[in-house]
Amino acid sequence: MTPSILIIALLLLSFIAYQLGKARSLAVVGGARGIRNLHSLPGHYGLLTALWCGLPALLVVLVWVAVQDQVLIALISAQLPPEVRSLSSDQFVLFLNDLRNVVAGNIPASQVSPATAAAAGEYLRLQGIARLALTALAFALGIVAMLVVRGRIRADLRARNSVERVLEGMLFLCSLVAVLTTIGIILSVVFEATRFFGIVPAQDFLFGTKWSPQMAIRADQVGSSGAFGAVPLFAGTLLISAIAMLVAVPIGLFSAIYLAEYAPSKVRSVVKPLLEVLAGVPTVVYGFFAVTTVGPLLRTAGESMGLSVAGESALAAGLVMGIMIIPFVSSLADDMITAVPQSLRDGAYALGATRSETIKQVVLRAALPGIVGGVLLAISRAIGETMIVVMAAGLAANLTANPLEAVTTVTVQIVTLLVGDQEFDSPKTLAAFALGLVLFIVTLVLNVIALYVVRKYREQYE
Amino acid sequence: MNDAAKTTIGTITVAEPVFSCRNVDVYYGDKHAIKNVNIDIGRKQVLAMIGPSGCGKSTFLRCLNRMNDTIVGARVEGAITLDGQDIHDKRQDVVQLRARVGMVFQKPNPFPKSIYENVAYGPRIHGLAANRGELDEIVNQSLRRAGLWEEVKDRLNQPGTSLSGGQQQRLCIARTIAVNPEVILMDEPCSALDPIATARIEDLIDELRESYAICIVTHSMQQAARVSQRTAYFHLGDLVEVGDTNLIFTNPQAKLTEDYITGRFG
């Protein structure tokens with residue numbers, strides 16, 4: 001059996017084990033009438049039998065699938081003809097490549113050397129034996145476990161406790177996957193960034209003002225030394241994020257105040273979902289909008305006022321990014337404002353405060369930490385936003401504070417550095433990891449501060 | 001439930017009333033919460049409002065400074081006059097009304113500001129102080145009258161929420177008297193406090209009575225007996241009986257009142 005069919009067969013076997021265990025537990029106490037004498041429900045006994053039957057056998061199959069190729073190659077290598085064994089390591093890798101292709105059926109055996117074809121035949125023979133043995137072993141394990149557990153079912157067997165422990169372990173494994181993946185990503189970024197900093201000094205990267213990452217492929221090409229000063233990228237990112245926040249914070253905050261304090265419930269029930277729809281628009285669509293509508297519009301408007309506006313200006317990207325972030329700010333601020341207890345508003349009204357005085361001086365004041373937290377989260381979103389700036393902000397690494405010029409951002413440069421075929425040891429490619437690391441650290445710090453502020457605020461009113 | 005209003009037993013009028021309420025009805029949507037209530041509220045005395053939960057005493061209290069305006073679907077009918085002026089008159093601004101009729105709530109609700117700013121808030125929004133010196137004086141006087149000055153004079157800049165529950169409630173009272181109202185409404189001001197803090201607030205109410213008209217809603221009949229001169233008993237939206245506190249507690253005229261104060265229900 002191939003491993004996939006074997007796994008399905010094992011699942012079927014486990015199902016049988018479930019039924020057997022369940023039936024056995026009922027038989028032990030003399031049928032459904034005696035169910036009060038059982039420690040656990042019959043289903044728990046069934047599950048316990050099924051888990052014992054299926055899990056160890058599945059584990060064996062999975063381990064074999066993981067190591068099978070290495071084991072088989074090692075076995076074959078030992079009996080290869082001497083002319084193959086004397087190949088250089090590069091050529092040997094090529095030989096193994098051919099071998100695998102023949103085994104997978106990608107290349108007919110007639111097109112490769114006789115040695116390869118013979119080795120492939122051997123590989124297939126060993127694989128066949130291994131599969132047979134694996135099938136026998138897995139089934140034997142499953143059936144033996146099933147029979148042993150079934151035999152041990154007594155009325156006082158604590159099946160529920162064991163089953164729940166296994167389930168708890170599975171839940172733990174799932175959460176572990178998420179955490180380990182994150183750690184893996186961080187480590188790979190840190191590792192590659194360290195390699196970059198081995199080639200380009202960190203101070204040149206962090207404080208240099210010239211960014212031109214083109215590296216020559218051959219030593220005799222012109223411009224063979226790239227410049228990796230990331231300051232123009234940081235400045236561009238800051239400029240665009242600042243413009244975005246200038247748009248998003250006032251509009252988002254004021255719309256939240258309107259929705260939470262002034263809007264009749266009818267208006268609120270229509271406007272709030274509409275605002276949240278904005279959050280669901282894919283960012284590439286916003287990028288579109290920035291390039292085809294906002295950019296040209298700004299350009300025409302600028303010309304009519306005698307200003308020269310670049311086609312891909314920081315202003316266009318920032319404005320559109322700001323619009324994208326509005327729902328983010330407004331829905332967080334709205335949550336914070338509605339969380340302010342009514343008793344505070346009553347207290348202000350009872351002193352003769354008007355509605356706007358109450359909102360400005362009491363409600364917003366109480367909601368301020370939460371709103372600040374929301375704004376920080378929004379900033380970290382703006383900094384990490386990619387698609388809009390890739391489409392609308394351009395690639396020119398200008399160091400400028402003029403929002404009408406084209407600038408580039410950290411995310412845009414990461415994309416351009418990694419698009420297309422790349423060698424993974426040139427500083428040009430590694431620079432992307434260094435940029436990614438900076439981006440990651442900045443957004444991480446912002447998020448941590450924001451979460452801290454928000455949590456602190458929540459405690460205050462609970 | 002019998003929807004027809006019953007006649008109130010006892011004396012509803014007082015000489016020179018500060019508030020005069022006639023035929024007051026309150027509806028929350030379809031619910032008839034207050035039924036044809038007639039009562040006067042006298043100057044420099046404490047009126048206690050007692051009755052089982054849901055009898056409408058808090059609702060009635062909130063009519064007096066139009067706090068029911070903030071509740072969607074609430075409707076107040078009838079005539080309520082403050083010093084002879086209808087508080088529902090179009091010319092009556094609700095902001096000015098609330099400056100004249102202060103309110104203290106069930107749960108202390110200091111603003112998220114410093115102790116000083118909590119008390120200064122009312123005078124500020126009503127422009128009662130011309131300069132910082134006057135404002136300091138108002139804050140100082142209000143905290144003294146609320147009996148809180150000695151405890152907080154060294155930490156006026158700390159947040160109001162850092163005080164204990166009883167201190168917070170006295171801060172809220174100081175905040176209320178800082179705008180120099182004519183009437184103070186208190187909605188179960190001690191229900192969230194321990195007996196010692198309660199005793200302090202009751203003493204304070206007794207002192208404040210020399211300057212203000214006070215209406216207090218309470219669930220504690222002992223408290224009503226201790227602090228008030230007149231008592232009104234509400235039952236299911238009706239004002240059943242009103243009269244001198246001594247009389248109500250020693251010789252109630254209505255059967256419902258007697259049952260309630262003797263603990264037969266409630």
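**Pocket, cavity, interface and salt bridge**

Tutor: By class, 11 nonpolar, 5 polar and 6 charged residues make up the lining of the largest pocket. Here Ala, Val, Leu, Ile, Met, Phe, Trp, Tyr, Cys and Pro count as nonpolar, Asp, Glu, Lys and Arg as charged, and the others, Gly among them, as polar. The model is predicted, so local features need pLDDT of at least 70 and side-chain atom pairs pLDDT 80 or more, while totals for chains, interfaces and linings use all residues. Residues are numbered from 1 along each chain as its sequence is written, chains are lettered from A and ligands numbered from 1 in the order in which they are written, and side-chain values use heavy atoms, without hydrogens and water.

Student: What makes a space a pocket and not a cavity?

Tutor: On a 1 Å grid over the protein atoms alone, a cavity is a set of points where a 1.4 Å probe fits but cannot get out, whereas a pocket is an open set with protein on both sides within 12 Å along at least five of seven lines; lining residues have an atom within 4 Å of a point. The largest pocket holds about 570 Å³ of space. Among its 22 lining residues, A:E261, A:Y349, A:R355, B:T70 and B:V72 are the closest to its centre. α8(A) gives the most to this lining, with 4 residues.

Student: How many cavities of 30 Å³ or more are there?

Tutor: The count is 1. The volume of the largest cavity is about 30 Å³, a volume being the space filled by probe spheres set on the points, which are joined across faces, edges and corners. The residues that line the largest cavity include A:T237, A:M321 and A:E385. Its lining has 5 nonpolar, 4 polar and 1 charged residues, and α8(A) supplies the largest share, 3 residues.

Student: Which numbers of residues of chain A and chain B are in contact?

Tutor: Contact means heavy atoms within 4.5 Å. By that rule 18 residues of chain A are in contact with 23 residues of chain B. The area buried between the two chains is about 1600 Å², of which carbon and sulfur atoms give 63%; buried area is the accessible area (1.4 Å probe) that two parts lose on being put together, summed over both. A:D346, A:A350 and A:L351 supply 35% of the area that chain A buries against chain B, more than any other three residues.

Student: How many salt bridges are there between chain A and chain B?

Tutor: The count between these chains is 0, although the whole structure has 22 salt bridges over all chains.

Student: Why is the pair A:E122 and A:R125 called a salt bridge?

Tutor: A salt bridge needs a side-chain nitrogen of Lys or Arg within 4 Å of a carboxyl oxygen of Asp or Glu. The closest N and O atoms of A:E122 and A:R125 are 3.1 Å apart, so the pair is a salt bridge. Both residues lie in helix α5 (residues 114–152) of chain A, 3 residues apart, about one turn of the helix. Helices (H or I, at least four residues) and strands (E, at least two) are DSSP runs, numbered from the N terminus.
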